[in-house]
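This briefing is for a reader new to the structure.

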Amino acid sequence: MLKAWRGALAVTLIVILTATPAQAVPTPREAVASDGGCAAFVVGQPEEVVSDATRDRLGLDGWPDGPFGITALGGGAYYFHIAAAFGGSDPSRPQRNVTVKGTLANPVRDGVAFSTQLRNVPAGYIWAGGGAVHRDPDTGVVLQTLHMERRISGDQFYAELHLGRLDPATGVTTYLGPVVQPDIPIGDATWNADLGIPQLTVVRGGDGIDYLHMYFADFRLADGRQVPAGLSVARAPVKDVIVAAQQGTVVAWHKYTGDGAWDQPAWGGSSADLNLGQSMAWGPQVVRSNAMDGYVMAAGVSAREIVLSTSGNGLDGWSARFPVARDPGYHNAYVTPVGNGPDPADLGMDFSLYYLQWPSPTPNWDNAHVMRRKVICADGLTPVRKPFTRYVKAGHHLVTTGTPPSGYTREGNWTLWSASQPGTRALYGCRAATDDYFISVDPGCEGDQTTIVQTEGWIHTERPSNAYIPLYRCHIPGFGDHFVSADSGCEGNGVTNEGLLGFSPPAATYKSARHKVPLLASPAVHLPAASIPSPSRNSVTPGQRPYEASVG
C-alpha cells in the first residue's frame, strides 16, 4: 500500500468469504511447460474510470491503496475490494477495508457497499488491509490477501502476506494467519521490503492437485545488501487452505525454489527468481487465461511504465516484457488485470487492466484517479480492415485508428489490419512531449520519456500488390511534428522521411491527399525502415510556420 502519511508503498494479503451465487469455474490446465500465452497484444487508449472528484464525493480518502480484488455479482455488476489508506478507527494503523460496487467501466457506479476494519489483527503492525479475493465454488468461502507491515529502522517497513476471511453480510474480514514472509530476517532489513498484494491464482500442479499461488517480488541478502527478486511464488493446496479457513486458521505454504521443487517454507524461506535480472517496481499480478492456455503477469516496472509477460505454466518460459502503458510526468501504481467475462479470475482473450494514477511525478492523494486499459490477445483472430486516419490541429498531426482528442480535424485515411497475419507487423501510437504524436514499429515507443497511446493495427512489410499503399513516417525538423504519408517525398521540401512503415491494405474509402508544406531549409532525407530514429523533441524555431495540409 502507498501510505500517504509516510510516502511508502505497502500491500496486504487476506482471505475473504462472499455470498455470491456459485459459478462454474473452469478447470485449470496442468502446470507443465507449454507454448501458452499471447504473441500479439492489442492495447487500447487509457480511460479514466474513477475521477478524483468522484473519490472525494464518496469519501474515499487514500483509495485505492493497492490492486483490486474482484467479485462477480452477475448481471454485469462487480464488487471491487481494496484498502483505503485513511479513514479507519484504529489510530495506530488508520487503514480500512473498502468494497465498492459497480461495473468494469465504472467501478463505483453504485457507491460504497462496505467500509470496515480488519478483525483480530495481531498487535505490532502499522499497516493492515486486504485486496485480492478467491471464492471457493464448493463451500462459498472467499479468501482475500492481506498486506501487513511492521516498522523497521527510520520510516521503512517490512511487509508480510497473511490471509483473512470475509463475511459477505457485513463486509468484515477476519484475520486467519500468516502466509509469506521475505527471505530476509526483519532484523537484517535495511529498507522497504514490499511484497505487494498478490492475486490468488489457481494452478493445477504436475501431481494433479489444484494449488493456490501467490506471486510477489521476494527480498534477500546478497553480499550483505538487501536485493529484490524479479518474481517469486508460493503455493498451498486449495482444499487444505479452504478447510483451514473454515476452522479459522491457515496451513503452511511453500516457496518455489526451481527445477520443480517447492521445498522452502513461505514464511521466511528462500525462493527462485522466475524473472532473474528483470526489474520490478510494485508487486506483480499473475492471472490465469484459459483461452491463452497460460498465465499473464502484469507489473509496474517503474513509476511510469506497466508491462505484460506470459508463461505457459506460470513458472518459467516467461515471454519478453510487452510495454502496455507509459505516462511520463505521471505516477502509476497498483496494476490489476481483470477478465471481462463471467469469471474475473480468467482473463480470456479480452481483459481490462486497471491502475491508479497520480497526475504528478510523485504520489499525491489530493489528486488521484483510477485508469483502465482494454487489452485483447489478437492470436487467432480474423483480421479485418479498420480506418487509419490522419488528423491535424494547430499544425500538429495525429494518425490513429482510435478516437482523437477534441479539436482535431480529419485530413484523410488509409487502413490497417485489426490483427496479425503472415507478412505483417504492428504499428503503435505514441506521443512525445505534449502534442508530437507519432507512429512507431516499437511497442515501447522508442524511449522511456515517450507516452504509449495504443496499438494501432498491423501493416504489411512487403507489398502484396500495387493496390497496397506505401506509408512513410515523416518529420518536420525543428517543429516537433510527425505525420504519416503515402508520398516518399513527405509532401514537401525540408520534411524528413524517417522510413517506410509498411504497405496499407486497400480500402474503398481511401482518398489521396494534396498537401501544402512550408519551404524549410533542408531537403527530405529517406531512411530505411529499420533505421527509424527516436522522434524529435525540438520546438518550433523562430520564423518557421506550422505544417499546413488540406485534402482535395
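In this predicted model, Arg390, Glu411 and Glu491 are joined in a network of salt bridges. The salt bridges come to 15 by the rule used here. The points below take some of the pairs in turn and then turn to Val203.

**The network around Arg390**

- Within the network of Arg390, Glu411 and Glu491, the side chains of Glu491 and Arg390 form a salt bridge with an N to O distance of 3.2 Å.
- This pair links distant parts of the chain, with Glu491 and Arg390 101 residues apart.
- Arg390 belongs to strand E28 (residues 385–393), whereas Glu491 sits in the loop between strand E35 (481–485) and strand E36 (496–504).
- Both Glu491 and Arg390 are buried.

**Glu498 and Arg473**

- A salt bridge also connects Glu498 with Arg473, and their closest N and O atoms are 2.9 Å apart.
- Because Glu498 is in strand E36 and Arg473 is in strand E34 (residues 469–476), this pair ties together parts that are 25 residues apart in sequence.
- Glu498 has a relative accessible area of 4%, so this residue is buried.
- Arg473 has a relative accessible area of 0%, so Arg473 is buried as well.

**Arg55 and Asp52 in a helix**

- The side chains of Arg55 and Asp52 meet in a salt bridge, at 2.7 Å from N to O.
- Arg55 and Asp52 both belong to helix H1 (residues 52–57).
- They are three residues apart in this helix, which means that about one helical turn separates Arg55 from Asp52.
- Are Arg55 and Asp52 buried or exposed? Arg55 counts as buried because its relative accessibility is 1%, and Asp52 counts as buried at 13% relative accessibility.

**Val203**

- Where does Val203 lie? Val203 is part of strand E14, which covers residues 201–204.
- The relative accessible area of Val203 is 1%, so Val203 is buried.
- Val203 and Asn313 are 110 residues apart along the chain, and their C-alpha atoms are separated by 8.4 Å.

Key. Residues numbered from 1 in each chain as written. Predicted model: local features only at pLDDT ≥ 70, side-chain atom pairs only at ≥ 80, totals over all residues. Heavy atoms only, no water. Helix = DSSP H or I, 4+ residues; strand = E, 2+ residues; numbered from the N terminus. Buried < 20%, exposed > 50% of the residue type's maximum accessible area, 1.4 Å probe, protein only. Salt bridge = Lys/Arg side-chain N within 4 Å of Asp/Glu carboxyl O.
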